[in-house]
Amino acid sequence: MATSQLFQPITLDGLTLPNRIIIAPMCQYSAEDGRTTGWHTIHLGQLALSGAGMLIIEATAVEPAGRISPADLGLWSDETERALAETLAQVRTYSTMPIALQIAHAGRKASTAVPWEGGAQIAPDAGGWQTRAPSALPFDPSENPPVALTVADLTELREAFADTARRAARAGIDAIEIHAAHGYLLHQFLSPLSNRRADAYGGSLENRLRFPLEVFDAVRAAFPAGKPVGVRVSATDWVEGGWTLEETIALAEALKARGCAFIHVSSGALSLDQKIPVGPGYQVPLARAIKAATGLPTIAVGLITEPEQAETIVVSGDADMIGLARGILYDPRWPWHAAARLGQKIKAAPQYLRAAPHQAADLFKVV
């Protein structure tokens with residue numbers, strides 16, 4: 001069989017991935033006071049045996065108030081750092097897969113119930129906490145509005161992101177993805193729908209980019225050289241008057257100039273008024289446009305379900321990598337199955353070598 005581009009290695013900064021399949025961050029809502037639990041060991045352990053090129057751990061809050069829910073993962077203290085390091089040690093006993101961490105702050109979308117309990121905002125007097133955001137505008141008009149962040153608050157938050165990056169490095173994380181998508185804090189600064197500030201952090205595109213770029217600079221300076229730092233973006237709000245693809249390209253160009261190693265392209269989730277044309281690969285054109293304009297290594301994500309579809313995205317140059325989220329929860333061996341369909345070999349733990357099907361008897365190579 002011809003060589004598959006999906007299964008070719010790629011180097012991001014100083015980190016080489018064995019293939020172009022990325023496990024995208026997926027919140028598990030299973031932490032205890034920000035600490036990883038046995039669930040994370042099981043969840044991350046099975047994904048780390050999937051044969052993907054890199055595993056990105058779920059959105060991890062830089063401070064307690066930055067959690068989406070009280071059960072979110074965090075990395076803001078010695079206790080949360082110790083728990084993450086122990087979980088990584090367990091996973092790495094059996095897997096050599098590169099592991100990244102998405103670091104995040106939920107802003108006005110914080111303090112909510114876990115999804116299987118409805119996901120509604122938890123008010124401060126009901127066990128939640130007061131949210132903070134660029135402007136005092138709630139995500140949902142029915143919610144308790146956030147408090148607008150002061151310039152002094154922004155200084156503290158930049159240092160919180162940098163401190164989380166330092167803790168991630170000590171815990172053994174290989175790469176960082178800064179979460180600037182899906183309506184969370186950094187996306188809230190970018191979009192004119194959520195950022196109505198009249199100071200240096202609001203108004204013009206240059207001003208709305210300012211805080212996310214400051215956070216990137218702080219994280220890049222805090223994380224070891226040679227280890228990649230990338231950014232997850234929502235390339236459009238899918239709302240008239242909101243954040244646009246053209247503005248995302250401007251952000252990506254500024255990030256590239258600062259040493260950004262990759263950009264992970266999603267969309268939406270900032271406004272209840274969004275109108276998303278959902279369909280197979282519906283976000284791939286956004287990734288294509290950003291890659292074409294900037295040349296940044298790009299991850300495409302969103303209803304990419306079939307190996308041939310993923311291969312076409314990479315071969316055509318629409319993106320350098322593809323991200324799997326819900327699809328790999330449904331099928332944790334998706335990379336195995338893709339390799340079999342595309343006639344490629346893939347790494348597998350020796351305990352699993354007997355699992356190769358008859359029609360793909362030479363599928364596996366030992367981890």
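Guide: Let's start with a word we'll need: a residue is called buried if its relative accessible area is under 20%. Keep in mind that this is a predicted model.

Visitor: Okay, what does "buried" tell me about tyrosine 201 and phenylalanine 211?

Guide: Tyrosine 201 is buried, and phenylalanine 211 is too, so each has under 20% relative accessible area. Phenylalanine 189 also counts as buried.

Visitor: Why is the aromatic pair of phenylalanine 189 and phenylalanine 211 called tilted?

Guide: Check the distance, then the angle. The centres are 4.8 Å apart, and rings pair if their centres lie within 6.5 Å. The planes are 45° apart; under 30 degrees would be stacked and over 60 edge-to-face, so this pair is tilted.

Visitor: What makes the pair of tyrosine 201 and phenylalanine 211 edge-to-face?

Guide: Here the planes are at 80°, and over 60 counts as edge-to-face. At 6.3 Å centre to centre, the rings also pass the 6.5 Å cut-off for a pair.

Visitor: Which parts of the chain do these two pairs link?

Guide: Phenylalanine 189 lies in helix H4 and phenylalanine 211 in helix H5, so that pair ties together parts 22 residues apart in sequence. Tyrosine 201 is in the loop between H4 and H5, 10 residues from phenylalanine 211. Phe189, Tyr201 and Phe211 form one aromatic cluster.

Visitor: How do you know that lysine 109 lies over the face of phenylalanine 139?

Guide: One test is distance: the charge has to be within 6 Å of the ring centre, and here the value is 4.7 Å. The other is direction, within 35 degrees of the ring normal.

Visitor: One last stop: which residues of helix H10 are buried?

Guide: Trp334, Pro335, Trp336, Ala338 and Ala339. Their cover includes helix H8, helix H9 and strand E3. After H10 comes glycine 343, with a positive phi near 70°.

Conventions:
Residues numbered from 1 in each chain as written. Predicted model: local features only at pLDDT ≥ 70, side-chain atom pairs only at ≥ 80, totals over all residues. Heavy atoms only, no water. Phe/Tyr/Trp six-rings, centres within 6.5 Å; stacked < 30°, edge-to-face > 60°. Helix = DSSP H or I, 4+ residues; strand = E, 2+ residues; numbered from the N terminus. Buried < 20%, exposed > 50% of the residue type's maximum accessible area, 1.4 Å probe, protein only. Contact = heavy atoms within 4.5 Å.
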